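Student: I would like to learn how to read side-chain features in a model. Can we start with aromatic rings?

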Amino acid sequence: MGMKVKIDYLLKLKIVAVVVLCVALLHSCVGKEPEKSIITVSILPQKYFLEQIVGDKFVVSCMLNEGNNPEAYEPSMTHLINIEKSKAYFCIGYIGFEYAIVGKARANNPDLKIYNNSKGIEVLRGTHGVPGDEEVDPHVWSSVRNAMQIVQNMYEAVVELDPKNEKTYTENYNRLKSNLESLDKKFANMLEPKRGSAFLVWHPSLSYFANDYGLRQISIEYEGKEVPINMLKEKIDTAKASGAKVLFIQQEFDSSQAETLNEEIGAKIVRINPMNYNWVEEMEDIANAIANN
Ligand SMILES: [Zn+2]
């Protein structure tokens with residue numbers, strides 16, 4: 001009796017071992033997935049949007065990391081090689097380095113598909129850079145309404161790149177779109193009492209946001225640099241006269257002068273990072289700071 005129990009036990013153990021081995025073998029042969037295709041984007045908010053649409057169907061690689069200044073960015077060799085391995089490159093639209101990259105990457109990978117995520121966005125001019133300059137304001141992503149166009153462009157592009165997963169992309173896109181619509185409605189309500197009022201910003205990165213909700217953005221920096229001494233008084237007077245209660249400063253632009261100037265202006269300093277992956281959080285912080293000050 002005791003002997004039989006032991007044999008049964010050993011037999012069971014053997015069966016279990018064989019089954020485990022078979023499953024493991026089967027998994028290593030059948031379960032081997034082909035390497036996922038890469039889509040490269042320029043900035044982290046794009047990565048945030050695109051990942052919500054593609055889920056795990058693509059790997060989303062991003063050129064700029066947090067803290068990089070998009071206007072002074074030089075892509076490394078590694079970054080360029082990564083683009084060449086990508087199935088597509090999604091430009092945000094008006095950042096200087098993108099033009100250089102797209103040309104180089106295409107020369108080395110003629111199959112690389114290039115999409116402009118800002119297609120269809122009504123651009124602002126004269127709100128960025130040297131006064132009087134009519135260059136397109138590049139900060140298109142700092143606006144919920146623009147984001148709706150950006151994600152629509154992304155959605156159409158991924159369906160074109162991978163039509164067999166269209167159903168998944170459509171579901172994800174619809175969810176994202178309705179979240180953005182709710183966010184825009186919320187901001188419009190919150191900011192309605194502030195319509196026509198001004199806020200200060202070191203670097204003019206919120207032109208589109210201001211435009212969406214009828215706010216006035218007053219930027220402090222001078223032609224992308226510190227304010228020259230002979231202009232300090234004028235800047236401080238303009239800022240004070242605007243009645244603005246908040247001064248936004250960004251880590252990627254040098255703003256040590258902002259704090260000194262603000263001793264005279266007396267606004268509340270709020271640090272923002274429009275290059276943040278957590279785009280919704282960032283937009284909420286901006287809207288709240290304006291609504292509550
Ligand atoms: Zn800028």
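Tutor: Start with the rule for a ring pair: rings of Phe, Tyr and Trp pair if their centres lie within 6.5 Å. Keep in mind that this is a predicted model.

Student: Which residues do ring pairs link into a cluster?

Tutor: Y48, F49, Y277 and W279 are linked into a cluster by ring pairs.

Student: How many aromatic pairs does a search of the whole structure find?

Tutor: The search finds 10 aromatic pairs. A ring pair is described by the distance of the centres and the angle of the planes. Take Y48 and Y277. Their ring centres are 5.6 Å apart and their planes stand at 90 degrees, so the pair is edge-to-face.

Student: Where do Y48 and Y277 sit in the chain?

Tutor: Y48 is in helix α2, residues 44-54. Y277 is in the loop between β8 (268-272) and α10 (279-291). The pair links distant parts of the chain, 229 residues apart.

Student: Is Y48 buried or exposed?

Tutor: Buried means under 20% relative accessible area. Y48 has 17%, so Y48 is buried. Y277 has 26% and is therefore partly exposed.

Student: Please take me through another ring pair.

Tutor: Look at F187 and Y213. The centres of these rings lie 6.3 Å apart with the planes at 80 degrees, so this pair is edge-to-face. F187 belongs to helix α6 (residues 166-191), and Y213 to the loop between α7 (207-212) and β6, so the contact ties together parts 26 residues apart in sequence. Both F187 and Y213 are buried.

Student: On to charges. How many salt bridges does a search of the whole structure find?

Tutor: It finds 8 salt bridges. The test is a side-chain nitrogen of Lys or Arg within 4 Å of a carboxyl oxygen of Asp or Glu. D184 and R145 form one, with the closest N and O atoms 2.9 Å apart. Here the link joins distant parts of the chain: D184 is in helix α6 and R145 in helix α5 (residues 144-161), 39 residues apart. D184 is buried because its relative accessibility is 13%. R145, at 34%, counts as partly exposed.

Student: What is the N to O distance between D162 and K164?

Tutor: The distance is 3.1 Å, and their side chains meet in a salt bridge. Check the accessibility of each partner. D162 is at 8% and counts as buried. K164 has a relative accessible area of 72%, so K164 is exposed.

Student: Which residue forms a salt bridge with K186?

Tutor: E284 does, the closest N and O atoms being 2.9 Å apart. This pair links distant parts of the chain: E284 in helix α10 and K186 in helix α6, 98 residues apart. K186 is partly exposed, at 37% relative accessibility.

Student: Which residues form a negative surface patch?

Tutor: E71, D133, E134 and E135 form it. Patch members have no salt bridge and over 30% relative accessible area. E71 is at 39%, which means partly exposed. E71 lies in the loop between β2 (59-62) and α3 (77-84).

Student: Last, the backbone. What is phi of E223?

Tutor: Most residues other than glycine have a negative phi. E223 has a positive phi, near 50 degrees, and is a residue other than glycine. E223 is found in the loop between β6 (216-219) and α8 (232-242). At 33% relative accessibility, E223 counts as partly exposed.

Key
Residues numbered from 1 in each chain as written. Predicted model: local features only at pLDDT ≥ 70, side-chain atom pairs only at ≥ 80, totals over all residues. Heavy atoms only, no water. Patch = residues over 30% accessible without salt bridge, like charges linked within 9 Å, V, L, I, M, F, W, Y side chains within 5 Å. Areas by Shrake-Rupley, 256 points an atom, 1.4 Å probe, with all protein chains shown as cover. Lys, Arg positive; Asp, Glu negative; His and termini not counted. Charge placed at Lys NZ, Arg CZ, Asp CG, Glu CD. Helix = DSSP H or I, 4+ residues; strand = E, 2+ residues; numbered from the N terminus. Buried < 20%, exposed > 50% of the residue type's maximum accessible area, 1.4 Å probe, protein only. Phe/Tyr/Trp six-rings, centres within 6.5 Å; stacked < 30°, edge-to-face > 60°.
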